[in-house]
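Hi there,

Here is the structure I promised to pass on. Have a look at it first, and my notes on what turned up follow below.

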Amino acid sequence: MWKWLIALSILLAACGTGEQTPEESAEAGDTPEAETSKDESEGAAKEKSEGSIDVDKGMFNVKVTLPKTLFEMEDGDFEEIKASAEEEGIGEVTDNGDGTITYKMSKSKHKEMMKEMEEEIESSLEEIREGGEYSSIQGVTANGDYSEFTLEAEQTAYEESFDGFAVFGIGVLGLYYQLFDGADPDDYSVVIHITDAATGEEFDTVEFPEVLDEMSGEQGEEYGTE
């Protein structure tokens with residue numbers, strides 16, 4: 001049931017090309033002198049934009065720490081994720097032994113991955129709006145950092161269908177975006193509000209990653225593994 005999370009993890013890890021060399025970074029304006037000047041000019045604003053220390057932006061590299069709850073961590077799964085990520089240009093993938101995994105990549109790759117994730121989220125929203133697969137959903141919007149989404153739906157039709165599956169794709173993508181943007185793996189979330197298109201009233205709320213934890217717990221109880 002959770003294998004699709006692995007596929008999504010590998011897909012996101014595969015975004016972009018190899019690590020940027022110092023020479024390439026210099027051509028892009030990422031020289032030590034440029035970084036120092038930028039740090040001095042932006043000050044506190046830069047610190048705020050980088051978020052928590054779980055996204056560690058060095059001179060030429062970025063480290064992103066992700067909780068294992070976003071992966072299927074059965075035997076061999078971590079090695080598969082690591083091999084696939086490194087093959088596609090992620091410099092290092094480390095199991096920290098504390099329930100988290102760290103990706104190390106070039107700054108250019110990090111920027112590229114953020115752009116790719118933003119495009120994927122926007123594409124998913126457009127598919128929900130226009131694709132016709134979720135007929136009860138009449139509209140969907142997101143805030144600027146993809147931590148909140150609002151779905152407008154015909155309530156009765158929504159509740160009597162499987163259109164609720166639409167929230168899982170954008171919810172998980174939103175989680176990855178938050179983490180790669182610097183959110184604390186111990187304190188991050190995506191909230192999806194579902195409102196009645198006719199009245200504007202909210203009739204359901206789905207919160208990630210809580211819903212994934214709940215589903216994982218239910219699955220464990222079903223198979224006696226919890």
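Let me begin with helix 8, where a quick length check works out well: its 15 residues at 1.5 Å a residue should span 21 Å, and the end C-alpha atoms lie 22 Å apart, which agrees. The expected span here is 1.5 Å times one less than the number of residues. Helices (H or I, at least four residues) and strands (E, at least two) are DSSP runs, numbered from the N terminus.

Before going further, some housekeeping. This is a predicted model, in which local features need pLDDT of at least 70 and side-chain atom pairs count only at pLDDT 80 or more, while totals for chains, interfaces and linings use all residues. Residues are numbered from 1 along each chain as its sequence is written, and side-chain values use heavy atoms, with hydrogens and water left out.

**Overall picture**

The chain holds nine helices and eight strands. Of its 226 residues, 40% count as buried; buried means under 20% relative accessible area, exposed over 50%, and partly exposed in between (1.4 Å probe, protein chains only). Among contacts with a separation of 6 or more, 66% come from residues 24 or more positions apart, where contact means heavy atoms within 4.5 Å.

**The sheet and its helices**

Four strands make an open sheet in the order 5-6-7-8, with mixed pairing. Two strands pair if DSSP finds at least two bridges between them. Strand 5 (137-142) and strand 8 are at the edges with a single partner strand each, so one side of each has no neighbour in the sheet. From one strand to the next, the twist averages 15°. Axes are lines fitted to C-alpha atoms (for helices, over the stretch in contact), and angles run from 0 to 180 degrees between N-to-C directions.

Helix 8 lies across strands 5, 6, 7 and 8, and runs at about 150° to strand 7. It is mostly covered, with 14 of its 15 residues buried. Just after helix 8 comes Gly182, with a positive phi of about 115°. Helix 6 (residues 107-130) lies across strand 5 and strand 6 (148-153), running at about 160° to strand 5. Ser124 sits in helix 6 and is buried at 17% relative accessibility. Beyond its neighbours within four places in sequence, Ser124 is in contact with Ile170 and Leu173.

What about the nonpolar core? The largest one has 46 residues, and Tyr103, Val167, Phe180, Ile192 and Phe208 have the most contacts inside it. Helix 8 (residues 166-180) gives the most to this core, 11 residues. By nonpolar core I mean a set of buried Ala, Val, Leu, Ile, Met, Phe, Trp, Tyr and Cys residues joined through side-chain atoms within 4.5 Å.

Strand 7 (residues 190-196) and strand 8 (residues 202-208) pair in the antiparallel sense over six bridges. Across this pairing, Thr195 stands opposite Glu202 and His193 opposite Thr205. The two strands form a hairpin with five residues between them, and Gly200 in the turn has a positive phi of about 80°.

Strand 3 (residues 92-95) and strand 4 (residues 100-106) are also antiparallel, with four bridges. Their hairpin has four residues between the strands, and Gly97 in the turn takes a positive phi of about 75°. Thr94 stands opposite Thr102 in strand 4. Thr102 counts as buried at 12% relative accessibility, and its side chain makes a polar contact with the side chain of Asn96 (2.8 Å). A polar contact is a pair of N or O atoms within 3.5 Å; within protein, one must be able to donate a hydrogen and the other to accept it, and residues adjacent in sequence count only if both atoms are side-chain atoms. Apart from neighbours within four places in sequence, the contacts of Thr102 include Lys63, Val64 and Thr65.

**Backbone details to look at**

The peptide bond from Phe208 to Pro209 is cis, with omega near 5°; Pro209 belongs to the loop between strand 8 and helix 9 (210-222). Tyr146 has a positive phi of about 60° although it is not a glycine. Tyr146 lies in the loop between strand 5 and strand 6 and, at 4% relative accessibility, counts as buried.

Best wishes
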